[in-house]
Amino acid sequence: MPHALTAPRPEAPSVAIVGAGLSGATCAAALQRAGFRVTVFDKSRGVGGRMASRRVRWTSDAGEAHVAALDHGTHHFLAEQPRFRSMIASAEAAGCVESWRPEVHSVWPGAAPLGFVAVPCMPALCKHVLAGLPVRPLQQVMRLRRDAEGWHLQMLEGDSAGPFDQVVLALPAPQAASLIASHADGWAETLAAVPMASCWTLMAVTDDVDWPWDAAVPPNDPLAWVSRNDRKPGRDALPGFATWVAHASAEWSASHLEDDPQQVEAELRAALSTLIPNAQQVQWHHAGVHRWRYAAPLHGGLDERGCWWDARLGVGLCGDFFGNGTVEAAWHSGDELADTMVAEIEAGGEFTLPFLDLVR
Ligand SMILES: Cc1cc2nc3c(=O)[nH]c(=O)nc-3n(C[C@H](O)[C@H](O)[C@H](O)COP(=O)(O)OP(=O)(O)OC[C@H]3O[C@@H](n4cnc5c(N)ncnc54)[C@H](O)[C@@H]3O)c2cc1C
């Protein structure tokens, strides 16, 4: 965690953070604590990035309307390093994370590693981290422009934001590559080459079924992981219903990436049905699919520094791809980048605009 500067100062750097997933949220919160003037932008309606939930609605045979939030991105995560464990412990104390050791069908009978989920749904952790910070949702950054005043963000809708002294890109590597391309060719080339796994995900609601597990790791394609969402801690009880999230394997998803979503849904439903006892008698109340084009880096560990920072340009990069493509890696990367940016200010004394050489 960065040390706080003496006090927030008007001349402290202004920073645009692009991406409100856990890496961006962590970096933003740490910089704000250190006195930087931070604004967070995200293209989505809410925060959390791939720690995502989708609200699904259905009507029972009795005509009652129901709604549940299904975690269609990260299903749960581990906390292995002491610094992340301590952050998760404080999030647990704040009531937005709970531990979860799922009973997993077929791999670790009764002994899955201790994991965690955000409650009541996955975005809650990023919401907690970002509490009180200025977050601008529904802002898809299409282009970064730099002039003598600083960085300007050009949005999809045509409007722009800025100037900012510094920019942090907290995005999956290929998305960061396209934004940084005209400013740092070398970075863009490396980022664009990071191989990403995609993932088709089925979200479904069925009648409740006698299924003794919390999750399953099916041995064969198409499915790689299935969660009973309603069995996770902190989720609303839904008497009479079972809610499911089923992720296809990276290989299957890659070979069906451009398929018709209805066809994908039918195939994933059929695969999930094979795991449900007496599936023919079970009624489906809802089904839908989501395609994650960039679900996770195929091989993590882009750079052991954990982030990139170019003081001359005033640009930083963080994200799960610097580590092993997990929630924990995303947190470490965002924290590391904030540390690096704060250390630079502390070492240099007064903040100086990185653009002075452009102005002269
Ligand atoms: C299906 C699935 C299953 C997973 N399972 C696990 C698991 O079991 N355990 C685990 O630890 N991890 C898992 N992960 C990975 C985990 O979710 C990620 O490692 C982590 O959430 C990445 O955080 P991040 O901040 O690096 O990126 P992200 O969460 O992707 O955040 C990037 C943000 O940038 C925004 N954005 C993108 N482009 C723009 C733009 N141009 N302008 C503005 N905003 C933009 C996005 O909307 C997003 O909010 C899973 C991911 C998926 C998809």
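I started with leucine 202 and found valine 289 of β17 opposite it. My notes on terms: strands (E, at least two residues) and helices (H or I, at least four) are DSSP runs, numbered from the N terminus. Two strands count as paired if DSSP finds at least two bridges between them.

**Ground rules.** I'm looking at a predicted model, where local features need pLDDT of at least 70 and side-chain atom pairs count only at pLDDT 80 or more, while totals for chains, interfaces and linings use all residues. Residue numbers run from 1 along each chain as its sequence is written.

**The sheet around that pair.** I traced an open sheet of 6 strands, in the order β6-β14-β15-β16-β13-β17, with mixed pairing. At its edges I noted β6 (104–105) and β17, each pairing on one side only. Helix α7 (residues 261–273) lies across β13, β15 (223–228), β16 (241–248) and β17, and runs at about 65 degrees to β13. That angle is between N-to-C directions, on a scale from 0 to 180 degrees, with axes fitted as lines to C-alpha atoms, for helices over the stretch in contact.

**The other sheet I checked.** An open sheet of 3 strands has the order β9-β10-β11 and antiparallel pairing. Its edge strands are β9 (141–147) and β11 (160–164), each pairing on one side only. Neighbouring strands of this sheet are turned by 20 degrees against each other on average, direction ignored. I found 6 bridges between β9 and β10 (residues 150–155), and valine 141 stands opposite methionine 155 in β10.

The bond from valine 119 to proline 120 is cis, with omega near 5 degrees; proline 120 lies in the loop between β7 (115–118) and α3 (124–129). The bond from glycine 162 to proline 163 is also cis, with omega near 5 degrees, and proline 163 lies in strand β11. Leucine 138 has a positive phi, near 55 degrees, and I located it in the loop between β8 (135–136) and β9.

**Domains.** An automatic or database assignment sets the bounds: domain 1 is 14–48 + 126–194 + 300–359 and domain 2 is 54–79 + 99–120 + 196–297. Their centres, taken over C-alpha atoms, are 32 Å apart. The contact (C-beta atoms, placed from the backbone, within 7 Å) takes 12 residues from domain 1 and 8 residues from domain 2. On the domain 1 side, α4 (173–180) and α8 each supply at least two residues, and the largest share, 3 residues, comes from α4.

**Confidence.** Mean pLDDT (the predictor's confidence in each residue, from 0 to 100) is 91 for the protein chain, and 92% of its residues reach 70 or more. I marked residues 1–8 and residues 352–360 as stretches where pLDDT stays under 50.

Conventions: Contact = placed C-beta atoms within 7 Å.
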